[in-house]
Each structure stands twice: as C-alpha cells, then as structure tokens.
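Welcome to a short tour. Keep your viewer open and your selection tool ready, and we will go from stop to stop together.

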Amino acid sequence: MSIWWSLHLRREAASVPLARRLLIGTMETAGVDPDISYDLSVALSEACANAVEHGGDRTCGGPGTEAYRVTAYLDGEKCRIEVADAGPGFPGAAGRPRPPIRPAHTDAEHGRGLCLIQELADHVHIGNKPGRGGAVVSFDKVLKWREGAAPMMAV
C-alpha cells in the first residue's frame with residue numbers, strides 16, 4: 001500500500017502547522033515510528049517556512065506567487081516529501097551547481113532550515129524548478145515502524 005497527498009497552500013504562517021499535522025497524522029495512521037515522524041515533520045516545517053518567507057514576490061501579486069505546494073509520498077519503506085514555491089529560487093545560473101549550504105552561526109535567528117533538513121533526512125535535493133522559476137526542496141527518509149504495529153505499507 002502507498003499513500004500520497006498534495007496540498008496547494010497559501011504563503012501564510014498558518015499553513016505550516018497544517019501541513020505538519022497532516023503529515024504526522026498520515027504517518028501515525030500508517031504505523032510509522034514516532035521518532036521518524038517527528039524528524040520528517042520538523043524537516044517539512046522548515047521547508048514550508050522557507051516557502052512562506054521566500055517563495056514569491058508579494059509586490060508582484062501575480063498568479064502563483066501567493067501559494068506553494070507540498071507533496072508527500074509514503075511508499076514501501078520510504079517517505080518522500082517535496083515543497084515547491086514560485087519565488088526567485090536559489091542563487092546560481094542554469095547549468096551551474098548551487099553553492100553549498102553553509103551552517104548558520106549558533107546565535108543566528110535565521111538560516112538554519114536547510115541545514116536542519118539535511119540533518120533530519122536521508123537524502124535531500126535542493127534546486128530550482130526548470131523554466132518557470134521557483135525553488136524545490138525534496139527529501140526522503142527510510143521509514144521505521146512503531147513497535148508492535150503492523151505496517152500498512154509492507155511490500
């Protein structure tokens with residue numbers, strides 16, 4: 001069995017806990033270990049917070065600039081999450097690799113999200129949407145199951 005869902009969310013702070021609660025509920029229903037659920041929900045919250053803060057141009061007001069998309073796939077033994085926005089994307093010209101993510105200072109109030117996602121997930125891809133602009137942050141993690149729970153996702 002596999003589960004997937006996709007949300008089209010407004011770029012508002014209130015959308016972040018909504019996405020997080022849906023992910024936690026999905027993983028709880030599937031029998032995922034709570035520690036894995038927590039790690040992925042924190043990573044999702046960071047990716048959503050980045051989309052809310054950086055994912056569009058509020059001065060433009062053009063279509064799509066006030067929304068972002070979250071998609072989650074629980075399939076077999078892995079969960080994959082993607083957050084895509086319509087903002088300016090990450091620095092770097094097309095065809096050139098994006099500069100590496102630098103850890104933020106320990107007392108910094110911003111700049112920790114992408115590093116945190118990399119620490120909490122098994123694989124992370126951070127890049128720009130081809131053609132239309134915007135950033136895409138996708139990450140996945142191998143799932144573990146609650147003790148005593150029969151995984152719904154068993155292959």
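**Stop one: the buried side of α3**

Start with α3, whose buried residues pack against α2, β4 (123–128) and β5 (135–142). Helices (H or I, at least four residues) and strands (E, at least two) are DSSP runs numbered from the N terminus, and contact means heavy atoms within 4.5 Å. This is a predicted model, in which local features need pLDDT of at least 70 and side-chain atom pairs count only at pLDDT 80 or more, while totals for chains, interfaces and linings use all residues. Residues are numbered from 1 along each chain as its sequence is written, and side-chain values use heavy atoms, leaving out hydrogens and water.

Now select Gly113, Leu114, Cys115, Ile117 and Leu120: these are buried in α3 (under 20% relative accessible area, with exposed over 50% and partly exposed in between, using a 1.4 Å probe and protein chains only).

**Stop two: α2 against α3**

Next, show helix α2 (residues 34–54) with helix α3 (residues 113–120): they pack at an angle of about 155°, their axes 9 Å apart. That makes α2 roughly antiparallel to α3, a word used for angles over 145 degrees. Axes are lines fitted to C-alpha atoms, for helices over the stretch in contact, with angles from 0 to 180 degrees between N-to-C directions.

Which residues in α2 meet α3? Pick Asp39, Val42, Ala43, Glu46, Ala47 and Asn50; their partners are Gly113, Leu114, Leu116, Ile117 and Leu120.

**Stop three: Ser37**

Finally, click Ser37 in helix α2. Ser37 counts as buried because its relative accessibility is 6%. Beyond its neighbours within four places in sequence, Ser37 is in contact with Met27 and Val32.

Note on methods. Parallel < 35°, antiparallel > 145°, perpendicular 65-115°, else oblique.
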